[in-house]
Amino acid sequence: MAKTFKKPEALSDAHTHYCPGCTHGVIHRLVAEAIDELGLRDMTVGIAPVGCAVLAYNYFTCDFQEAAHGRAPAMATGIKRVRPDLIVFTYQGDGDLASIGMGEIIHAANRGEKFTAIFVNNAVYGMTGGQMAPTTMPGQRTTTSPAGRDILDTGMPIRMAELLSTLKTPSYIARQAVLRPKYITKAKKAIKKAFQYQMENRCFTFVEVVSTCPTNWGMSPLESLEWAEKTLLPYYPLGEFKTPEQEEQDAA
Amino acid sequence: MGKKILMKGNEAIGEAAIRAGCLNYFAYPITPQSEVAEYLVKRMPEVGGVFVQGESEVAVGYMIFGASGAGARVFTTSSSPGVSLMSEAISYIAGAQCPAVFVNIIRGGPGLGGILPSQGDYFQATKGGGHGDYHMLVMAPASVQEAVEMVMLAFPLAEKYRNPVMILGDGLIGQMMEPVEFPDDLRTEPTNKDSWATSGMKSRGSTERNLVKSLYLDPTQLNDHNLNLKAKYDQMKAEEVRYEPYNTDGDYKILIVSFGTMSRVCRTAIDFLKEEGIEVGMIRPQTVFPFPDAPIRDAAVKESCKAVISIEMNMGQMVEDVERCLKGQRPVHWYGKCGGDVPTPEEIMEVIKERL
């Protein structure tokens, strides 16, 4: 009998270090499937962040570079500018991309750097043990907002997809989720689209993926999925914020 | 050798990189070296090269890291506050063993300091700057011609050691115009980087992926990694020391140690003193890491030599290396100024006479 479901070639056999119920594994798989389906593995360079996905390079089988905290978009810029023939993607969390790396992501996006950024938003710092992130929801308890995020003191959560959509240059900005199979299908589609646009030599592509962190949220995996759907999705709406097709239509 | 042309130091540095075969430049503007970017934004397109103005020196450091990791010959130029910002990336680049060339046209510090020439970044360049156990190979030019040659040498050296190399100039080297020639024989082909660079498996015809990283969570592995790095720095100390002696044949009473722009003023002071019948020798480190320990020691312990003076455009940084290599065999003094007011030959002559 033929195998109908197998591990993507772009994923390694390594056991991940992710916590039970963490959705990084799902997102890794979606990226790997997109790379496989587009036949890009032997010409792709991934960039690992600092955060929970710091060891992502152990789980993918393409070339990889490991960045300092927040600097993946600058490294991707360096790689893509000297090797425009390569496919380059960054894989970053919310502390990495929306806090310490805010400058790098905005300017890479605005210059229209031709790489793909995969942004995993789970509203908390994971690896360092559950501190408040720029994406943490109002009232959400974290180790550095023990009484819940006080927006009078820390402002409102940053919506990266919307923020980057205000820029003229990026070609594709989307937000999807991995909270249920119906969302996962759409997330896969968005990620694959982003890589396809990069293959077409289009400017900056960005997919935000609303994710969970059962460990640092102090919830079971199932409760996390439900909480994310109920709390995160109303504030972080899913969909495509910017597409080349829309852009062309608007121009016409 | 090509023909001699009159060029500003900063522009000559940009041209030297191209002549050395480096066609990738990422930078952020900062006085007193912005002319490098202004020059290369025109030149790079002519040679099919890459020019990117980054959003900050922090970002530029990582553009350099990414590009180098992907196998490209790459360089940047900056000045002191900018180099502080790049120092994080330099630590990562050294840790990940990638070749890259950084030019620091030093201005006065600390903080915003000033925009005039200084040698106040000697510690930063030679002792780290960023975190962790690493060194750059650091060359300090004393003329525009030497800056050109050092930039051209820097690329093969960076690749030989898979380590960042720094050209440590100062505002005068960047801003003054001098006649220069670009030696054709210093043009080198980039080395083959297939064994480690993330150049894409297809491009290098391999089924093995490459990984560029500085993370070693296992303590034994991290220790071994640092021992490997140390072995490279030890090899630099054995093979890459460069220095220039001046007036060290006679019986000098004082030995000066001075580098870069400052050493040129010292040279004039030595010539003037010679006319007065006073012999003074000088060792000019051309590499400040690795430091010319043995040549300085040998010159200092000469019987006629009573004392050593380290003369620097800072508050006394290299003097610590001079003391270290002399191990108390001769008294070591320091004279220096910072802020951009470069000491005059007459001033240096007075300093020397006080120690006779």
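## Getting started

Here, contact means heavy atoms within 4.5 Å. Keep in mind that you're looking at a predicted model.

Eight strands make up an open sheet with mixed pairing, and going across, the order is S7(A)-S5(A)-S6(A)-S4(A)-S3(A)-S1(A)-S2(A)-S9(B). Strand S7 (239-242) of chain A and strand S9 (211-212) of chain B sit at the edges; each has a single partner strand, so one side of each has no neighbour in the sheet.

So where do the chains meet in this sheet? Strand S2 (residues 63-66) of chain A pairs with S9(B) in the parallel sense, over two bridges. Look for Phe64(A) here: Leu211(B) in S9(B) stands opposite Phe64(A).

## Helices lying across it

## Two residues to look up

Ile151(A) belongs to helix H5 (residues 151-154) of chain A. Together with Leu152(A) and Met156(A), Ile151(A) makes a nonpolar surface patch of about 330 Å². Ile151(A) counts as partly exposed because its relative accessibility is 36%, and partly exposed covers the range between under 20% (buried) and over 50% (exposed).

Is Thr261(B) buried or exposed? With a relative accessible area of 5%, Thr261(B) is buried. You'll find Thr261(B) in helix H9 (residues 260-275) of chain B. Setting aside neighbours within four places in sequence, Thr261(B) has contacts including Gln119(B), Asp170(B) and Met313(B).

Methods: Residues numbered from 1 in each chain as written. Chains lettered and ligands numbered in written order. Predicted model: local features only at pLDDT ≥ 70, side-chain atom pairs only at ≥ 80, totals over all residues. Heavy atoms only, no water. Pairing = 2+ DSSP bridges. Helix = DSSP H or I, 4+ residues; strand = E, 2+ residues; numbered from the N terminus. Patch = residues over 30% accessible without salt bridge, like charges linked within 9 Å, V, L, I, M, F, W, Y side chains within 5 Å. Areas by Shrake-Rupley, 256 points an atom, 1.4 Å probe, with all protein chains shown as cover. Salt bridge = Lys/Arg side-chain N within 4 Å of Asp/Glu carboxyl O. Buried < 20%, exposed > 50% of the residue type's maximum accessible area, 1.4 Å probe, protein only.
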